[in-house]
Amino acid sequence: MTTNNTHSRTLSPAPALIQCRRLTKTYKKGDNTITPLQELDLDVPAGDFLALMGPSGSGKTTLLNLIAGIDRPSGGNLIIGGTDIATLSRSKLADWRSTHVGYVFQLYNLVPVLTAYENVELPLLLHSMSARERHQKVSTALELVGIADRHDHYPRQLSGGQEQRVAIARAIVTDPTIIVGDEPTGDLDQESAQAIMNLMTRLCEDLGKTLIIVTHDAKSAAYAKRTLHLEKGRLVEAADLAARRESTVPQPV
Amino acid sequence: MRLLPFDYAVRNLGRSPSRLFLSVAGAAMVVLLILVAGGFVRGMSQALRATGGEHNVILMGAGSEESVERSEIPAATPGVLAASVQGIRTRAGVAYVSPEVHVMLPVTVGTGGMAKPRQVMLRGVSPAAALVHESVSLTEGRWPVAGGGADEVIVGRMAGTVLGVAESDVQVGRAITIDGRPWTIVGRFSAPGTVVEAEVWLPLADAMTATKRDTISCVVVTLDPYNEATGEGAEFADVAAFTKTRPDLELVPMTEREYYGKLASFFGPIKVVAWVTAGLIAVGGLFGGLNTMYAAFASRIRELGTLQAIGYRRLAIVWSMIQESTLATAAGGLIACAVGVFLLDGVAVRFSMGAFGLKIDEAVIGLGLLTGLALGVVGALPPAIRCLKPTIPVALKAV
């Protein structure tokens with residue numbers, strides 16, 4: 001296992017919620033074969049808040065997409081909550097996502113023709129429940145992210161920060177096993193970004209959610225319990241990273 | 001499989017009003033065309049079918065079964081027939097035996113001779129014609145009289161259409177010129193749903209004089225349906241037997257319905273051309289629709305990726321897209337059907353036999369609506385499939 005824990009090195013005795021074993025992703029681009037992820041091993045315990053960092057093309061978003069079940073590995077195993085999701089059919093994987101994953105996008109990706117309330121309600125329509133129960137869940141989610149008073153607003157009537165709050169409410173409304181975020185603060189000003197990261201921290205600490213985010217922003221990554229660095233599809237050990245950083249610092253002549 | 005809310009499909013229509021307008025208008029045009037083609041074919045078929053009387057038999061010259069205009073039979077035939085065949089319908093002692101001359105001649109409105117002549121079906125008739133052709137009723141004026149000093153005609157309700165003039169030009173009292181000779185309109189008649197309405201009727205004797213012939217084209221008789229209990233009435237076979245006993249007359253009997261049915265099949269290729277033209281334009285419209293829907297769907301590929309990331313299956317998303325497209329085309333179809341029913345139904349169309357009205361009936365409306373729905377489904381599927389082809393990560397990166 002190649003985990004790089006910047007905050008603590010305590011290992012959970014229980015089996016990890018997410019287990020990546022020799023996880024590999026390759027795809028063809030013209031005549032070339034690209035390998036954004038190479039035989040990666042990673043354990044993520046339940047309740048973890050993990051930040052993935054690395055330069056562009058390092059494979060962090062690929063890893064996030066694989067964990068979120070919106071992409072398929074080319075090799076290795078990806079076991080989440082005891083299910084090897086790499087073996088699920090396309091439709092089963094869609095069902096699995098609807099139950100186990102909440103996705104927060106950089107550009108919020110709200111449906112513009114639906115109100116904030118309806119956007120949050122969207123994932124719940126994939127589950128059997130009464131309209132009353134659905135209403136209760138949507139209201140709770142909107143209240144939790146502090147946007148209940150804007151429930152009847154359309155995305156175009158909301159600020160970026162408010163849109164991202166709605167997107168987070170949509171991600172948590174089904175009470176998913178994991179919440180993933182691809183640059184969730186990438187399109188926000190500093191104040192809004194702070195508020196969103198505080199909200200995500202609360203999801204982890206107060207509700208015990210497992211969060212994985214991809215970010216370029218060290219300030220956002222600092223909210224996570226631990227940060228992993230990827231380079232060329234592999235995890236980079238903290239020591240290696242520190243050495244590499246030192247070597248890039250200009251030496252006095 | 002859980003579906004996207006219907007509301008989502010409805011609201012997506014409002015994203016681009018111009019695109020919505022194009023979809024609705026495009027579908028409306030295609031459906032309207034289908035209605036015109038359907039109304040044309042139905043109108044023509046029904047007009048020809050309805051022209052034949054249920055108990056009427058037409059006797060014409062052997063070898064002229066394809067067209068009564070080419071037929072010539074002795075002028076004495078009606079008298080011989082009435083005396084020989086039992087069971088011909090009578091009223092107040094008058095037999096339902098109508099000697100007729102059918103001829104297509106150039107006709108112009110007025111007497112100036114400046115207007116371009118149009119070929120019109122003229123029918124020389126005796127008063128018995130009013131008996132055998134039950135659908136014909138005089139709506140204005142009076143029956144034309146032969147040799148009354150002035151040459152007189154009555155015109156059908158669609159005479160104006162056939163002659164390419166306003167109805168006011170063919171009112172009672174106006175004149176028409178037949179083959180260079182002026183005739184006065186003394187009456188107008190209707191024969192709903194038949195091609196007879198496009199004809200000009202004149203006295204038999206005048207017609208024979210005008211066409212310089214001493215023969216008639218045909219005899220139309222109405223039989224009393226045969227009653228087994230009383231032994232009264234007659235069947236087609238009785239008339240057929242008569243023609244066999246008088247080979248010298250060289251007659252061929254045909255039920256009037258069979259005759260007009262054959263004419264209808266003669267116009268079969270025209271109907272095929274009407275359908276093929278409508279079909280080809282519909283296919284053209286479909287390609288336009290495909291383009292519009294592709295533009296609509298392609299502008300939200302990222303959203304389609306998001307819906308998949310949330311957990312919606314691709315089939316559910318395709319279904320929503322079909323709903324969206326079908327709503328637009330169905331709206332276009334409904335508009336076209338309303339236009340068809342209120343503006344096109346009954347509109348007169350000229351053809352070689354005269355004229356008929358477009359028939360926008362339930363069957364044609366049904367076909368129009370089905371076309372609208374089919375346009376929606378077929379128009380949505382290829383763009384939907386294409387826009388859902390990228391993997392979710394690729395779709396999420398779409399601009």
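**A pocket and an interface**

The largest pocket is lined by 32 residues, and A:Thr61, A:Asn65, A:Asp182, B:Pro393 and B:Lys397 lie nearest its centre. A pocket here is an open set of points on a 1 Å grid over the protein atoms alone, where a 1.4 Å probe fits, with protein on both sides within 12 Å along at least five of seven lines; lining residues have an atom within 4 Å of a point. This is a predicted model, where local features need pLDDT of at least 70 and side-chain atom pairs count only at pLDDT 80 or more, while totals for chains, interfaces and linings use all residues. Residues are numbered from 1 along each chain as its sequence is written, chains are lettered from A in the order in which they are written, and side-chain values use heavy atoms, leaving out hydrogens and water.

How much space lies in that pocket? About 850 Å³, taken as the space filled by probe spheres set on the grid points, which are joined across faces, edges and corners.

Now for the place where the chains meet. Here 26 residues of chain A are in contact (heavy atoms within 4.5 Å) with 22 residues of chain B. Between them they bury about 2,200 Å², with carbon and sulfur atoms giving 59% of that. Buried area is the accessible area (1.4 Å probe) that two parts lose on being put together, summed over both. In chain A, the residues that lose the most area to chain B are A:Ile70, A:Val113 and A:Leu126, together 25% of what that side buries.

Charges meet here too: the rule finds 2 salt bridges across the interface, taking a side-chain nitrogen of Lys or Arg within 4 Å of a carboxyl oxygen of Asp or Glu. A:Asp95 pairs up this way with B:Arg313, their closest N and O atoms being 2.5 Å apart.
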